[in-house]
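Here are a few friendly notes to read alongside the structure. Take the points in order, and keep the 3D view open as you go.

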There are 4 protein chains.
Amino acid sequence: MRAVVYYGPGDKKLTDVPKPKIEEPTDAIVKITMTTICGTDLHILKGDLPEVKPGTILGHEAVGIVEEVGTHVKSVKPGDRVLISCITGCGYCSYCRKQMYSHCSRGGWILGHLINGTQAEYVRVPYADFNLYKIPDELRDEDVIFITDILPTAYECGVLNAEVKPGDVVAVVGAGPIGQSATMLSKLYSPSKIIVIDKYSKFRVEMALKHGADVGIVSSEEDPVKKVMELTDGEGADAVIEAVGIPESFELCTQLVKAGGRIGVVGVFGKPATLHLEKLWCHNVTIRTRLVDTYTIPTLLKLVESGRLNPRTLLTHRFKLDEAMKAYDIFSNAAKYNALKVALIP
Amino acid sequence: MRAVVYYGPGDKKLTDVPKPKIEEPTDAIVKITMTTICGTDLHILKGDLPEVKPGTILGHEAVGIVEEVGTHVKSVKPGDRVLISCITGCGYCSYCRKQMYSHCSRGGWILGHLINGTQAEYVRVPYADFNLYKIPDELRDEDVIFITDILPTAYECGVLNAEVKPGDVVAVVGAGPIGQSATMLSKLYSPSKIIVIDKYSKFRVEMALKHGADVGIVSSEEDPVKKVMELTDGEGADAVIEAVGIPESFELCTQLVKAGGRIGVVGVFGKPATLHLEKLWCHNVTIRTRLVDTYTIPTLLKLVESGRLNPRTLLTHRFKLDEAMKAYDIFSNAAKYNALKVALIP
Amino acid sequence: MRAVVYYGPGDKKLTDVPKPKIEEPTDAIVKITMTTICGTDLHILKGDLPEVKPGTILGHEAVGIVEEVGTHVKSVKPGDRVLISCITGCGYCSYCRKQMYSHCSRGGWILGHLINGTQAEYVRVPYADFNLYKIPDELRDEDVIFITDILPTAYECGVLNAEVKPGDVVAVVGAGPIGQSATMLSKLYSPSKIIVIDKYSKFRVEMALKHGADVGIVSSEEDPVKKVMELTDGEGADAVIEAVGIPESFELCTQLVKAGGRIGVVGVFGKPATLHLEKLWCHNVTIRTRLVDTYTIPTLLKLVESGRLNPRTLLTHRFKLDEAMKAYDIFSNAAKYNALKVALIP
Amino acid sequence: MRAVVYYGPGDKKLTDVPKPKIEEPTDAIVKITMTTICGTDLHILKGDLPEVKPGTILGHEAVGIVEEVGTHVKSVKPGDRVLISCITGCGYCSYCRKQMYSHCSRGGWILGHLINGTQAEYVRVPYADFNLYKIPDELRDEDVIFITDILPTAYECGVLNAEVKPGDVVAVVGAGPIGQSATMLSKLYSPSKIIVIDKYSKFRVEMALKHGADVGIVSSEEDPVKKVMELTDGEGADAVIEAVGIPESFELCTQLVKAGGRIGVVGVFGKPATLHLEKLWCHNVTIRTRLVDTYTIPTLLKLVESGRLNPRTLLTHRFKLDEAMKAYDIFSNAAKYNALKVALIP
C-alpha cells in the first residue's frame, strides 16, 4: 500500500509498504478514507522527537472504514465507518480509568509516533473497542476528521482547562488551527467576548472572526496587553488559551489574565518559559497543561451531529494521498498559502 | 497606646501613639489580646513593600475584645471576643461577592500595610460586620489566633488549591509556619502519605512529623526528587504545596508533581521562576496561586471548636507587647531559636 | 404615591399610599420605571402565603432610578439607573457569604412579601450596596427587567442545578415564563437538543421553539415520555428542568431523566410529590431544589450587554401602573391572552 | 466444587456444582479465599429480584487467587491475589468511560445475579483486566474484603454523593454495615460532627461510636429531628446519608438536612417515598441516588494500605463455606446476634 514514511530528520517519502495485519485479538485494520497533516508531523520531520524511528509511517488524525477486526473486538465490525482517536488507550490501566488516556501505560500517543500511523491506505489500531468511534451515516468525513485530534485538543487543553463560562471574556493567543478550534469551541459556552491574538497573520485573525471571535488583534501591529485591558476595564481576561507553544506566547497569556482567571496551555513547548511569580503569586490564577486525552470525542460527535459545531471550515486544502509531498509543502508554508488544515485522501 | 511602628526600611520602634477612633459607621475598635509577627512584617522591614508608609503600625494577625462599634455595625457589640481577618473585605464589590476578599476594591490586605495594624493595644477594623468573627467562649486566644491568617493561607492557597484528596500522596515544600499548617490541614483529607521537605532545618522537619507528616526530608542532605520518586513508584506526588517563595522551591515542586497532579503555590515571591513547559506541557498539571482570601475562617473555626484541628503547637514563643523588639529578634532568627510563630500580648 | 396594595385573599387595590422614606443608613429609595407581575403575586392573592400582611404593597421585580440614598450607601447615588434584586441580602451573614442570599438571616425574599414591594411609584430597598446593580446606559428597561427575578431563577434553579452541558439533551417541563427562560438560558451551553413540554398550550410551545427549543411537545396530546425516549435511543434526557410546581410535573421529570442525569426543580410547590425510589435508587440521579439567590445577576447582565441573551421577547404585554387591575386580569388568564410576562410602567 | 445455589424464593442449598471454565479470552477464574453475605442476597431469597434464575450461585463480594486467565488477560496472572469488584464493567461502553460501571451495557451488577456468583470455591470473572485488583502482599483478606462492595457503596453513594467536607455536620440514618461504613468513611473528611441514627439497635449505635460517630441516637427512644436540631442550632445537617432503604428513613433524611445541604441515598428501595417539595422547593437541597460503580476501589485500597482506613471491625462473624447455611441464619437475624458482616471461607 502507499504511505508517507519518515526516514529521519528532513527525510520523508511517499512509498509502497506492506499492508498492516492484525497482531492482537483486540486490533482492527482500518481502510483510511481521509487523514490530515498535523503540526506535530512537522516537529517529527525537524528531528525534535528522536524517539520516532526511521521507517515509521507518519500521521495520527484519520477516519476510515473498518476492514478487519481481531477475534476479541466487539463494538465495531468490518464495513463500519469510524473515526480513530489520535491517542490509543488500553481502557483499564490506572490512567485510562481516570480519563487520562494520553498517559496510558500500554498506549498513549503512539500512532505515527511509536507505531505506524495513518498517512497510508490502511492502519492497524490497537484496542479497537476503546479507540474507534462509529460515525453517524449523515456525517461526511470532513465533518468529523478534526474530532480525532485538534478539536479535543483545543477543547480539553484549552476551553475546559481555562474553564470558559457564560459571560466570560476569553483571550486566545495564536490563530492557527488550534486557535481557530479554541475560538469555535469557546463559543459553545457563550462568553461575552472572545479576543483572538495572532502575531503576524491577518488572514488567520479574519478567519477567527468568522469562527466566532469578537475582536482580532495582530500583535506585531498593536499592543495586545493594552488592547485587552482597554476592552476589560483594565481587569484582563477571565479565560486565556495558549495556542502557540513558545515562551513569548505563554508569558503574554500571564499578562492578559484577570485576577481569579485561568490559563489553558495547549501549545507544544520546546523551551522553558519565565513564570512571573513575583506578580502572579497574589493574583489567584490557575495554569493548566495537558496532552489531549480525547475523552471528549463522544461529546464533540454529538455537537457536530446536532449542528451546534461546524468544523469543516478548518479544512482549507485537500489532496490525494499521492500528492502528499505537495500537501506537506503547503502545510509547512501555511502562512504563505493561507492554509489551516490540509487533508489527504487515499 | 503602645504600638510597633514602621519608620522605613530596617527601622521599627515600640512607641506611644494615639488610640484609634471610629472613622466610619461600619468600623469597630478592637482591644487586642493577642497578636503575632508574620513573615510579611519582615518583608516590610526589609523595604520590599515600598507602599507601606513610615508611621504605619505593623501587624495583621490578631484576636481581641470589641471596645466600640460604629453606628451601623450590627453583628458584634462591645465586649464580644473576636478574631480579626487579616484581609479586609467590603462584602459587596464584585470580588467580595465571589469570595476573593483579597482583591476587594475597597479593602484587601490593608491592616499593617495601608492602614494601621494590630501590633498595638487597639486597632480600628473597617467593615466590622464582614471582617470580625466571634470566638466561642470555650476557646482560648492561642486556639484561634492562627485562624486570622496562616491557617486560611495554608488551607486556601495550599490544601484547597492543590486539591488534596483521600488516598493522595502530598508533598509540602518548606517546613516553616505555613508548611507546618499545610501539613496539619492536608491531614484533614486523609491523604495516604504526607512528605515534608525543608532545605536545612531538622527541627522543622521533626515538627512536621509531629503535625502529621509521614516522611520528612532535609533536602540539603538528601535528594528530595529521588526520595519522592522512590516513595511513589516513580510517579510523583498527587498534590504539591509550595511554602517557601523562592524560584528554587517552586521549580522543585514542578519536579515532584505526578502527571495529573496539582501544585498550590503559597509562598510570597520576589523573583520570577522558570517554568519547564518543555516537560510540563504534556504532564496534565494544574498550578494555582492565591493571596489568602480568608473565606474559610468559618470552617476553620468549626474544626478547632470540634477538636479536629489543634493549631496551638505552632506557637513556640510568647512575649508581652513591651518585649516586641526581642520578639522580632527571635522571629527574624527563627532557625537559631527553633521558633515557628511568636505571639505578642498587649 | 400610587401602588398596588394587598388587603387579604382575593383583595388587591390600586390606591394612594405614602412615599417610602430612608429608614436605615444602608437603604435607598428607588423611583420605579418598570415593574412586573409574577406568578408568586397570584399565589399571595390566593391566600397561599398567610405571612403577607394586609396593607403590603405587592411586587418584587423592578428597575428604576435611585432617588435618595442613606448615609452609608457607597456604590450607587441619586440618578443612577438600577435593577433591584428580588432577593434582599445583608451581605455578611453566613448564608450571604456563601451566595445563598435567599436564606439571609436579615433579609431573603422580603420585597412585596414581608415589606412593601415594587408595584408602586417608589420602593425602599434595604442594603442598597448589596442589592442594587447599575444598568449600562445602552440597555433599556425591558432588556434587563427580567434579570431581577425570572432569569436568575431559571438559571440558578434550572440550568445550573441541572448542570446543562455542551452536547446534552435537555428537557424542560412547563413552557410558562420560567420554562421559556430556562430554554433560552440552556441554549447558552450548546446542548445538542432542547425538548420543551407543556401540558396544554400550543402558543407556549411555539414560543419555546422561538426561544431555542428543538422539539416541542403538548403533553395532553402526545405522550412526552414515549417521545423523549424515541428522541434519545431510549436513554432519556441528561438534564431535566421542572418549571411548573405540581406533583405531576415533578414525577414526569423523574421519568424523563437518563441514568446519571440531573433534575433542577424550579417550580413553587404547594403539595408533596411521590419519589419513585424503587426505580431511582440505582439510577444515579441528582435532584436539586433552590429558591433563587440572584447571585448570577452580574453574569446575566454581561450576557445581555454583549447581546448573547435577548430576553425582551418574554414581555408580551405592557400597561401603565394605573391600569394595574387590567394587567392582573391579563396575567391571571395568561393562556387565554397568550401572555408571558406583563409589565407595569409607573 | 461446593457452592451456595439459589433455587427460588426461600430456597437455597449448599451443594456440588461444576467448576467454572474460561468462556471468553478476557475471563479469569478466581479461587475464592473469602466471600461474604450481603443484604442483597437476602432480597434475592425473598424473591424481590425475579430476574435471578434458579440454579444461580449467590454472592458478589469476594477476594481470592487467580487460578487461570483467558488468552487476552494482560494485567493479572495465575497466582496473583486479587479482589473482585462486585460490579462488572467492560471498560469501553459509554457508561464505563464515565465511571458508571454499574450501567455498563455488557455487564453491571451481574455476579450472583445474572451469572454465577462468589459463594463457591471458584468464580468466573468477565473482563478480568477491568474488574480484578491486585492485593498488596501485606494486606490480609479481611483487610480488603469490604472494598469489593460495601465500602465503595458507602463511599460513592453516601459520602461522595452527600459531599462530606471538613467542618460539616454529617447525619447517617441507619447503622447497619453500610451505615457503619459511611461513618468510617465520612471521618476521612474531618467533619466537625457525625451523628448516627438507628431505629432500634443500641449495639449498632455503639459500634458506630467506635467507628467514628460523635453522637448516637436510637430513634425509637429519642426524637432524631429534635436532637439533630438541638445539636446544630436549629439548622440541620450539612450532609445526610440514607443507609436503610425504606420510605420512612428517606423522609427522615429530608427533615434533617440543612438549607444548602446534600442527601446521599445508599439504601435499596422497594417502595416509593414522599418528597415534601412543599417545604423543600426553597431549601436549596441536593438529593443523589446511585448504584455503586466501584470506581473508588483504587482509592480505598490506598487508604487501607496506608492505614488510614481499618475496616476489619466490620467483620463480626466468620464461617467455613460448608457452614454457609448457619452463616445465612446469623446474618438474617443480625440484630439478635449483634452481627454486622459475616464471612465465608471456602
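1. One to look up joins Arg308(C) to Asp214(A), with 2.8 Å between the closest N and O atoms. Please keep in mind that this is a predicted model. As background, side chains of opposite charge can pair when their charged atoms come close.

2. Next, the rest of that interface. On the chain A side 16 residues are in contact with 17 residues of chain C, and the two chains bury about 1300 Å² between them. Carbon and sulfur atoms hold 49% of that buried area. In chain A, the residues that lose the most area to chain C are Pro166(A), Ser190(A) and Arg308(A), which together make up 39% of what that side buries.

3. What about polar contacts? Across the interface of chain A and chain C, eight residue pairs are in polar contact, with both residues at pLDDT 80 or more. Helix α11(A) supplies the largest share of the side of chain A that touches chain C, namely three residues. By residue kind, that side divides into six nonpolar, five polar and five charged.

4. Now for the symmetry. What rotation superposes chain A on chain C? The turn is 180°, with 0.0 Å of shift along its axis, and the RMSD is 0.0 Å. That is the relation of a two-fold axis. If you want to find the axis from chain A, go to Tyr189(A): its C-alpha is the nearest in that chain, 2.5 Å from the axis. Both copies use the same surface here, as 100% of the contact residues of chain A recur in chain C.

5. Turn now to the inside of one chain. How is chain A divided by the domain assignment? Domain 1 takes 2-149 + 293-345, and domain 2 takes 152-289. Notice that domain 1 is written as two stretches of the chain. The C-alpha centres of the two domains of chain A lie 27 Å apart.

6. The two domains also touch. In chain A, 24 residues of domain 1 are in contact with 18 residues of domain 2. Together these domains bury about 1600 Å² between them, 69% of it on carbon and sulfur atoms. The count of salt bridges between domain 1 and domain 2 of chain A is zero, while seven residue pairs are in polar contact, both at pLDDT 80 or more. On the domain 1 side, helix α11 (residues 297-305) of chain A gives the most, with four residues. The residues of that side divide into 12 nonpolar, eight polar and four charged.

7. Over all chains the count comes to 95 salt bridges. One to find is in chain D, where the side chains of Lys134(D) and Asp80(D) meet at 3.9 Å, N to O. This pair links distant parts of the chain, 54 residues apart. Lys134(D) lies in strand β8 (residues 132-134), and Asp80(D) in the loop between β5 (62-69) and β6 (81-84) of chain D.

Definitions and conventions: Residues are numbered from 1 along each chain as its sequence is written. Chains are lettered from A and ligands numbered from 1 in the order in which they are written. This is a predicted model: local features need pLDDT of at least 70, side-chain atom pairs count only at pLDDT 80 or more; totals for chains, interfaces and linings use all residues. Side-chain values use heavy atoms; hydrogens and water are left out. Domain bounds come from an automatic or database domain assignment. Contact means heavy atoms within 4.5 Å. Buried area is the accessible area (1.4 Å probe) that two parts lose on being put together, summed over both. A salt bridge is a side-chain nitrogen of Lys or Arg within 4 Å of a carboxyl oxygen of Asp or Glu. A polar contact is a pair of N or O atoms within 3.5 Å; within protein, one must be able to donate a hydrogen and the other to accept it, and residues adjacent in sequence count only if both atoms are side-chain atoms. Helices (H or I, at least four residues) and strands (E, at least two) are DSSP runs, numbered from the N terminus. Ala, Val, Leu, Ile, Met, Phe, Trp, Tyr, Cys and Pro count as nonpolar, Asp, Glu, Lys and Arg as charged, and the others, Gly among them, as polar. Copies are superposed by least squares on the C-alpha atoms of residues with pLDDT of at least 70 in both.
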